[in-house]
Structure formats: structure tokens, C-alpha cells
Number of protein chains: 4
Amino acid sequence: METIALDSQHGYIHNKDDYLRRLRRIEGQARGLQRMVEEEKYCIDILTQVSAMTKALQSVALGLLDEHLSHCVVQAAAAGGSEAEEKVREASEAIARLVRS
Amino acid sequence: METIALDSQHGYIHNKDDYLRRLRRIEGQARGLQRMVEEEKYCIDILTQVSAMTKALQSVALGLLDEHLSHCVVQAAAAGGSEAEEKVREASEAIARLVRS
Amino acid sequence: METIALDSQHGYIHNKDDYLRRLRRIEGQARGLQRMVEEEKYCIDILTQVSAMTKALQSVALGLLDEHLSHCVVQAAAAGGSEAEEKVREASEAIARLVRS
Amino acid sequence: METIALDSQHGYIHNKDDYLRRLRRIEGQARGLQRMVEEEKYCIDILTQVSAMTKALQSVALGLLDEHLSHCVVQAAAAGGSEAEEKVREASEAIARLVRS
């Protein structure tokens, strides 16, 4: 799909550990939800956890998107040519999926 | 509406395995996202997975909420008294959190 | 729970003026957005207004839904029979549309 | 805040009529909702209209955002300097508001 430089090719490496840490916590939330269902915790309490997990996921998505715009889209625009257009189209589609999900 | 076993106090036991299966899949999606970040996959592809995972979580939440309304709220209303009011207030707050998350 | 006048068949009459006032304000926001586009205001400022308007609309929806659960669903459940089930199904579908919109 | 060229300074003029038409329709939906509340239509039917109106608004927002990224952000990036960074920050904040509203 694209040529890949040796590392940090997608520009978000400098926050990689932070994203991994947040995603591990989200994975833990998914396990916690299973435990709650297993133990038949009160439905409203489970829903509260689902909302917290959804917010955590959205926050990861917004962070990744910001990095994508800052690096990938800005670099493509600075380079000129039609790639910027393609990158923006792609980003807009991703934003639409996030807004609608 | 259904026979209720001793420890299925919150009324969603009849779908418990289905919820557990879906939550395990969501946990797997969280692990998949860590792998994608670890391997520095393309940001837009990661965002696509985040949207899919968010939708899966929302779908679990909507299912649990439907069960809660069907059982807990309807039972409280049928029993009369002020508990129904409290159950509706609680459900409305959970719905607001879902809509806003 | 409240006395119901002859034509307030859907149970939210006691807040009707409040809803009308909020919806008039939302209508005003829609006109304000047209003015902003007409005058080519800065895109980000227009988006801020769209978010405010969306939040106002959601808040109306959550209020109406709460009233619906409090009155319509609770009354159907108290009356017994299959109508409660139908009312809950309807409410769950409306909630799903709100969460996904 | 910024120097303004004589026209189409914010880059979305070529779709202006389309946005105005959509916003007029949204304004009409707000009036329709008032009529429904006035006539005490069934709550679920009102909620269906609110969801449709929210979707229409979101669609306007996503369109405006796409134009903003295509023009404003890409131009700032092509021009180089720190303005691109500022434009991306602003866009990311607008996206976060949309996702969370």
C-alpha cells in the first residue's frame, strides 16, 4: 500500500507506549465486563462500565486521528501533489465512522 | 416471562453466554489494536478497527439496556410503588451516558 | 401520577412549553447556521455551533425518552398484558437510533 | 483573527448553496418537531424525527469538516510554518466535539 521506512513510519511512535498502555487498560475493562456479566452484576452498573470503556476508546481514536492529521496529512500537503487530497479523503471517512459509531 | 433461577437476580441470564462471547471478541479486538500499534500499522486502519470495536460495545450496551427495560423496569412497574420511578430514573441516566459517549 | 387532560394522550403535556421553547431555540440555531454559512464565517466556528445544536437536540431527545419511559412504558407495565413488551421494544429501537445518530 | 480575502475566503463557497439548502431543511425539521410537540404526537415518532434531524446535522458537520481539511489545513501545510500545526489542533478539537456530541 505504501513504502515503509525502517521505523516510526506512521509517525505516532513517540506516543506508542502511551497508546499501548491505554489499550491494555481497555482490554482489562473488557475482561472486567465479562466478570460482571458472569457474576450477574446489576445491569446499570455494567452499562456504566461500558460507557467508560467507550469513552476511553474514543479518546484513543481522537488521539490517533490528531497524530495522523499532524503528521501524515500535513506531510502529504507539504509535499504537494494529489496525495494530500487522498489523505484528506481517507481521514474524512475515518472521522465520519467515528462520529457515527 | 421466564423462570428465574436463584442467582439470576438481574434477569439477563438467558443471554449470558451470548454476552460473554461478544465481550470476549471485544477483548480480542483490544488485543488486536495493541498489536496494530506495536507493529505501527497505518493509522487509518487502526481507526477502522476502533470504530468496529466501538460499534460492538454499543451493541452490547443496547442489548443489556433492552433486557433491563424488559425485565427490571417492567417488573418494578407491575409491582407498583415508587420503585418503578427510581428504576426509570436510573435507566434514563444510563441512556444519557450512552448517547453522550 | 398526574391528572391527564382529555387530549394529553401521550403524557408529556406538563413540560410541553419547556420543549417548545427549547425547540424554538434550536430552530433559531438552524437559522444562525445559515447566516454563518451565508456570510462565510470560519468553518471551525460553524462546527462549534453545530455541536452545540446537536447537544441541544440530544438533550430534548433524552428528556422526551425519560418522559416516555416514566409514563407510557410504566403505565403499560402496570396494566399488564403484552403491551408493555411492545412499548419496551419500541423504546429500545428509539434508544438505538439515538445512540447511533 | 485572520485576514479575509474578498470572497470565498474560507474555501467552501463552491458548496454554499447546497449547505444553505440542507440547513433550511434542518430548520424546517425543527419547526416540524414543534408542531409534533404542540399536537402531542406520539413520543416515539417525535424521537424518530429528532434522530433524523441529528443525522442531517452531523452530515452537514462532516461535509464542512472535510472542506476545512481539504482547503484550510492543506493550504496551511503547503505554506509551511507553524500555522499548519495550529490549524490541525483546531480541527482536532472540532472533531472531538463532534464525536462527543
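In the predicted model, 49 residues of chain A are in contact with 49 residues of chain B, contact being defined as heavy atoms within 4.5 Å. The two chains bury about 4,600 Å² between them, with 66% of this area on carbon and sulfur atoms; buried area is the accessible area (1.4 Å probe) lost when two parts are put together, summed over both. Five salt bridges are found across the interface of chain A and chain B, where a salt bridge requires a side-chain nitrogen of Lys or Arg within 4 Å of a carboxyl oxygen of Asp or Glu. One of them joins the side chains of Lys16(A) and Glu40(B), at 3.1 Å from N to O. On the side of chain A that touches chain B, α1 (16-38), α2 (43-79) and α3 (83-100) each supply at least two residues, and the largest share, 17 residues, comes from α2(A).

Chain A itself contains three helices and zero strands, helices being DSSP runs of H or I with at least four residues and strands runs of E with at least two, numbered from the N terminus. Of its 101 residues, 52% count as buried, that is, under 20% relative accessible area (1.4 Å probe, protein chains only).

The model is a predicted one, in which local features need pLDDT of at least 70 and side-chain atom pairs count only at pLDDT 80 or more, whereas totals for chains, interfaces and linings use all residues. Residues are numbered from 1 along each chain as its sequence is written, chains are lettered from A and ligands numbered from 1 in the order in which they are written, and side-chain values use heavy atoms, with hydrogens and water left out.

Definitions and conventions: Buried < 20%, exposed > 50% of the residue type's maximum accessible area, 1.4 Å probe, protein only.
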